[in-house]
Structures are given as structure tokens and as C-alpha cells.
Amino acid sequence: MSIVDILDLKKVYDGGFEALKGVTLAIEEGEILALLGPNGAGKTTLISTVCGIVNPSSGSVTVGGHDIQRDFRAARAMIGLVPQEIHLEPFETVWNTVRYSRGLFGLPRDDAHIEKVLRQLSLWDKRKSKTMELSGGMKRRVLIAKALSHEPRVLFLDEPTAGVDVELRKDMWNVVADLKASGVTIILTTHYIEEAEAIADRVGVIAKGELLLLEEKAALMARMGKKTLDIELTAPVVDLPAVLAGYDLDLISDGQTLRYSYDTKGDRTGITKLLADLAAAGLQMRDLQTRQSSLEEIFVDLVSETDQEDAA
């Protein structure tokens, strides 16, 4: 069941720039959706529109059945937003910062809930600390705590690990997994492909205001991923023998390695015949290694195709 429904959403700014070009997207309750895209793709505009920060030019968005324009307060109350930029009152304590955010939504004081959120985010021991005393990673956690203070059912994370080192990034992934386990639907934008691979249930790719693809991560990898077989030779070759001309082969590593690409969806890989033809051509192998294409390669291919279409 979808909790966020986006239908033919468009945003055209003054001057004619189309930030969103008819995006349609249904976000399922309880999932983690990763939105990938280069700078200027429309990711932040999409999030800002759903959250009521940016007014759409046309189209509709509902959150939990509430239209973001006709029933803004009810829709916004269901949403938590963690922005890219860290803006916190430097001299205020963590406890007061998070509790104040709850009050902004007109909710009654609930210290038990604030404590639960701080403990969940490993901030309880820092509750009396001023925000200016915190590390960058801890400040990110405070932003998430603020977004969760009013008990939203949907949490938007806009580049949540930007500027965070690898160790803290993986720590943040664990936080997101815990939030999902507690029933929160999470939509995150990211530049880090490994982030989507590590924690997302589905992956959407946005480029130039259009949703190019939306699919379950595992299915995406299986459908679009290719495998390569690297064949290391005992001696380098300058040119491929004629008997190998029909194969999708590339010479790499100064001719010492042959790279064979094949489709994982095919009934046959062609590897057995390739190895037989290699032996017939007098080429001796030293080692074999297979590799699955990564989500990053798939993403780059999709965006490149869009650029080529625009140029045509």
C-alpha cells in the first residue's frame, strides 16, 4: 500500500526552467527508497515539493491520503524532513532543540517520546550538550531527531551522509535500518551509489527532472547488470586472433588480459566455447575472474543515454 502518491508532478521556475517534468511515483509504506541523480537532476525539488516548501506548477501529491495543497497541515504532520544543510541553534542543548521541534507542530509535550528518539539515535548521553559542541556526525543525528520529534510516518533524508566520513556513513545506515524497523517510511537522496546498494529496497534514478527508472534494487541489478569474465593470459597479445572476432572481447592491461562481457539473462553465457576457441588459438590462461556490474555502472549508463538523447 502506498503512503505517498505523486502524479504527473511538474515544476517550472520563472524563466522557463523545468525542474520536474511530469514525475509519477508511488512510495510504499515501510520501504526505503533511494533517489539517485546528478546535481541539478530535480531530487531536492521533488522532496521540497512533497514537503510543501516549493509549490508545484501542476500535478498532485498526497501523503497518507492528504493532498499537500488542499490539506497541507495534515499532510505535513505526517512528514519528517532532514535537509542537506546543518542549521542548528549553536547555544541550545540537544534536548531543547528536539523538544522545540515537536512543539512547532502543535503537539503536546511528550518527554518519553523525545527520550526514545534520542536513545534510538545514540544521542541520549549528549542531551545536555550544546549543539555547537557536537561532531558533524552527531549534528546529523540531531537533525534526524528533530525530524522524528512529531512522530512522522514518512521521513525524507536529503543527502543525509554528505560530508560524513565512511565510518560515520555506515553508522548512519544502521540508524536508517532501525528507523525502518520501527515502521517509518524512508526516502533518501544520495550521490553515494554504495548507499543505495547497502540500504534501499527500491532505487529510482532521476535526471533532468525526469524519473528514468524505478525498480526493486535486486531486480534492477539482475535485469540490467552484466557480468564480465577477465581472462589473464600467460603472455600479452597485440591483436585478437581471427577465431575470436565474434566475441565481445576487449584487450586490457597491455594485452595481458581479455575481458569478456555477457548477459546474465541469457540462456547460455558462451564461456565454454570461448575457452575452447582460446585454446585452439594457442592462447594460454593464467587466471579467470568474474565480476558483476555495479549499480554505479548502471546509473552512469542511464544518465549517459539521457544526455545522448538530448544531444540528438
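Thr190 is in contact (heavy atoms within 4.5 Å) with Leu35, Leu36, Gly37, Lys43, Glu159 and Glu195, residues up to four places away in sequence not being counted. The model is predicted: local features need pLDDT of at least 70 and side-chain atom pairs pLDDT 80 or more, while totals for chains, interfaces and linings use all residues. Residues are numbered from 1 along each chain as its sequence is written, and side-chain values use heavy atoms, leaving out hydrogens and water.

Thr190 lies in strand β8 (residues 185-190); strands (E, at least two residues) and helices (H or I, at least four) are DSSP runs numbered from the N terminus. Because its relative accessibility is 1%, Thr190 counts as buried, the classes being buried under 20% relative accessible area, exposed over 50% and partly exposed in between (1.4 Å probe, protein chains only). The Thr190 side chain also makes a polar contact with the side chain of Glu195 at 2.6 Å. A polar contact is a pair of N or O atoms within 3.5 Å; within protein, one must be able to donate a hydrogen and the other to accept it, and residues adjacent in sequence count only if both atoms are side-chain atoms.

Two nonpolar cores (sets of buried Ala, Val, Leu, Ile, Met, Phe, Trp, Tyr and Cys residues joined through side-chain atoms within 4.5 Å) are tabulated here.

| Core | Size | Members include |
|---|---|---|
| Largest | 45 residues | Leu118, Leu121, Ile144, Leu155, Leu157, Ile186 |
| Second, separate | 26 residues | Val4, Leu20, Val63, Val154 |
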